[in-house]
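Welcome! Please take a look at the sequence and the structure below before reading on.

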Amino acid sequence: MSIWMEIRCTVQGERGAAGQCVSNHNGGPMGFASGVTQEAVLEAFKVLVAEAKQHKWKKTKDGFICPICIKNGHSI
Ligand SMILES: [Zn+2]
């Protein structure tokens, strides 16, 4: 058993212009946790957040926005 984790863009699918959204192309930060423990999931989450920041995703109170949607003027 393993746990797949992925950060999805909150704008994805909400508007027509979001068709270029990274999440629409399954290109965001993603990967398996190293185990099924709480610690493994938290560690995997930290890695995904670091990867999101590295690739210019923006964290908001509602989640993350991909760099393409930011470029298209979406922000919260
Ligand atoms: Zn997006």
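The model shown here is predicted. The protein has two helices and four strands, and along the sequence these come in the order β-β-α-β-β-α. Of its 76 residues, 26% are buried. Contacts also reach along the chain: among those between residues at least 6 apart in sequence, 48% join residues at least 24 apart.

| Element | Residues |
|---|---|
| Helix H1 | 38-54 |

Let us begin with helix H1. How far apart are its end C-alpha atoms? They are 24 Å apart, and this agrees with expectation because 17 residues at 1.5 Å a residue should span 24 Å. Just after H1 comes Lys-56, with a positive phi of about 70°.

Lys-53 is part of helix H1. Is Lys-53 buried or partly exposed? Lys-53 has 13 C-beta neighbours inside 10 Å, so it counts as partly exposed; a residue needs 20 or more to be buried. Cys-66 lies 13 residues away from Lys-53 along the chain, and their C-alpha atoms are separated by 9.8 Å.

In soluble globular proteins, nonpolar side chains tend to be buried together.

Note on methods. Residues are numbered from 1 along each chain as its sequence is written. This is a predicted model: local features need pLDDT of at least 70, side-chain atom pairs count only at pLDDT 80 or more; totals for chains, interfaces and linings use all residues. The expected span of a helix is 1.5 Å times one less than its number of residues. A residue is buried if 20 or more other C-beta atoms lie within 10 Å of its own, exposed if 12 or fewer, and partly exposed in between; C-beta atoms are placed from the backbone. Two residues are in contact if their C-beta atoms, placed from the backbone, lie within 7 Å.
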